[in-house]
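Please keep the sequence and the structure in view while reading.

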Amino acid sequence: MQFHHHGYVSGDPRVQPAAGVGLNRPEELPDEVDVLIVGTGPAGMLAAAQLSQFPDVITRVIERRPGRLAIGQADGIQARSVETFQAFGFAERITAEAYRITEMAFWKPDPADPSKIHRAARAVDDPTGISEFPHLIVNQARVLDYFAEYMANSPSRMKPDYGYEFRGLKVDDDGEYPVSVTLLHTAGPLEGQERTVRAKYVVGADGARSKVRESIGCTMAGDQANHAWGVMDVLAVTDFPDIRTKCAIQAESGSILLIPREGGHLFRMYVDLGEAGQDHAVRQTTIEQIIAKANEILHPYTLDVRNVAWHSVYEVGHRLTDRFDDVLPEHLGSRTPRVFITGDACHTHSAKAGQGMNVSMQDGFNIGWKLGHVLEGRSPESLLSTYSAERQVVAKNLIDFDKEWSSMMAKKPEEFDDPSELEEFYVRTAEFPAGFMTQYTPSLIVGEATHQDLASGFTIGKRFKSAPVARVCDTNPMHLGHHAKADGRWRIYVFADAAEAGAAGPVADFAEWIATAPDSPLAATPSDADPDAWFDLKVIYQQPHTGVDIGRVPAVFKPTVGPFRLTDYEKIYATDPKSDIFELRGLDRGGVVVVVRPDQYVANVLPLSATAELAAFFAPLLSGHKVRGSRLPA
């Protein structure tokens, strides 16, 4: 963590100095905003947290509840989400309070007595080392709390506006604030009264029954629910030996997915209630009936429930909207979107794969930085059209995966062709539920794979997979990706050739170009901002840290920041002798540049000499700022 560059900080360094709208933030919801986010679920709160790092953008997030969520339905936190939490500064803290999944047990009918269940197999949760981050279980409400804290500590001092229900919106063709939003006060002295807020953009994060989705004419299509599950978070006394281990339990009488919860005692059970039926009478299943069914499935073990924290009955359905924004198909390319939908508002599925909250948060991350860049003038509005194009494909893949997983969980043991089919599927597909199968295709913000062979371990379009390095200035071993914060900046990683720091050659030539050329992306940075305000440029040398003379490193990798123009030494790295990043990630020893988006996805891989290609990649992304007095030529 870096601080003190604006002067001595004696308090919590996580509290950033107020700036922009944070200097005089109005308590009441203004009549005009840049971005109005509807809903404080995972997608809405992450989008708001990302936008809180853009202090000149007026962002407000509304919620119909009168206060914070007390208990959430979602609880599974995949490793990709923990990576994201690292960027927002709370991965370590939430990991400490969460339940960590390291193994899954599979219980099936005992061949000696099929009326009883027995442990048939175990599977390691991450056998191939997909991520250095763990798979966690923690209540959704705590995730939202951490994002709320991050927002409150941000330069914009953002916090949710509770007690507002979205009623409808209308998009006009003209005006600075073209989206007119009708809201209803649901709490306080004005309860029951309507008011209107005008916005430049609206993000609908208002759940499966989204009124924002309805207001822009999006339709959901997919399979009707046909299987029902009872879900309960309980405290209980039991003789089932794996009660603190994630389990898939398949008995002759039905199935259970057991998820231990944080705190050492609470656990969740998804209990198979069978076919839903046309009358949906299964929705009336009582908690007593769910507990009785769980005991039937667990035989010969017993479950004595002492306290129920939460329970529900749901029917599995898989549905997806036709688009994730307000641009109709016939208008594609002729206008840019003004209204977006995220999370359950555009994709619904079962809870079995633990993907709902995780995929929703990546929706919020994707649209958050893009809105920030457009509203600050860094990028043209065309950037916003990439949101629906990217995230709809991800949601479709999620639904296809969940259909297979949830149908397998609902099967009876005798219906499997192979007794080991379920656990083999769990291991074989581990990368998908961990959140790492997303790969964006070439677009405005994703380059072609022309030079992919130079960095085979940093796949273009996939998330940047961190690896160990040594920071030269203080010799500390660390993960390269962990220094990338959710601050809206692009990352440009320069993996050096074998020459020593400061020697003439490809790195020196690249450093000279990116520091001085008029077509360099750094030239777009406003003259009154720190030189690394928009682009975080780092260099990684092939030598160990003892072989890097920091004084000879090109100055562009040692920017001067803050009002005192202090030197930032934390952008210079060397290889970790125990774990060479060049070997781990298949990096060409002749040097390579890896470009990473603000949401941690690899955007391009280029040779050190391909400065023209790098300039051409960023040119359409920075054109929106040329008219605002930047360093770019007119």
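The expected span of a helix is taken as 1.5 Å times one less than its number of residues, and helices (H or I, at least four residues) and strands (E, at least two) are DSSP runs numbered from the N terminus. The model is predicted, so that local features need pLDDT of at least 70 and side-chain atom pairs count only at pLDDT 80 or more, while totals for chains, interfaces and linings use all residues. Residues are numbered from 1 along each chain as its sequence is written, and side-chain values use heavy atoms, with hydrogens and water left out.

Helix α6 covers residues 287–298, and its 12 residues should span 16 Å at 1.5 Å a residue, which agrees with the 16 Å between its end C-alpha atoms. Its buried residues are I287, I290, I291, A294, I297 and L298, where buried means under 20% relative accessible area, exposed means over 50%, and partly exposed lies in between (1.4 Å probe, protein chains only). Seen down the axis of α6, these buried residues fall within an arc of 120 degrees, so they line one face of the helix; the arc is that of the directions from the helix axis to the C-beta atoms. H299 and P300 are joined by a cis peptide bond with omega of about 20 degrees, and P300 is placed in the loop between α6 and β16 (303–321).

**The seven-stranded sheet**

An open sheet of 7 strands has the order β20-β19-β25-β22-β21-β26-β27, with mixed pairing; two strands pair if DSSP finds at least two bridges between them. At the edges stand β20 (477–479) and β27 (602–606), each with a single partner strand, so one side of each is left without a neighbour in the sheet. Direction ignored, neighbouring strands of this sheet are turned by 30 degrees against each other on average, with axes being lines fitted to C-alpha atoms (for helices over the stretch in contact) and angles running from 0 to 180 degrees between N-to-C directions.

Strand β19 (residues 468–471) pairs with β20 in the antiparallel sense over 3 bridges, and it is also joined by 3 bridges to the antiparallel strand β25 (residues 572–575). V469 faces M478 in β20, and V469 also stands opposite T575 in β25. The hairpin of β19 and β20 has 5 residues between the strands, and T475 in the turn has a positive phi of about 65 degrees. T475 is a residue other than glycine, and with a relative accessible area of 42% it is partly exposed.

**Other antiparallel pairs**

A further open sheet holds 3 strands in the order β3-β7-β4, with antiparallel pairing. Its edge strands are β3 (76–77) and β4 (99–101), each of which pairs on one side only. Strands β5 and β6 form a hairpin with 2 residues between them.

**Nonpolar core**

In soluble globular proteins, nonpolar side chains tend to be buried together. Here a nonpolar core is a set of buried Ala, Val, Leu, Ile, Met, Phe, Trp, Tyr and Cys residues joined through side-chain atoms within 4.5 Å. The largest such core has 109 residues, and those with the most contacts inside it are F147, W490, F510, F557 and F618. This core draws at least three residues from each of domain 1 (20–89 + 138–220 + 319–429) and domain 3 (452–623), the domain bounds coming from an automatic or database domain assignment.

**Individual residues**

H4 has a positive phi of about 80 degrees although it is not a glycine. H4 is placed in the segment before β1 (32–38), and at 33% relative accessibility it counts as partly exposed. L398, by contrast, is buried, with a relative accessible area of 1%, and lies in helix α8 (residues 385–410). The C-alpha atoms of L398 and H482 are separated by 27 Å, the two residues being 84 residues apart along the chain.
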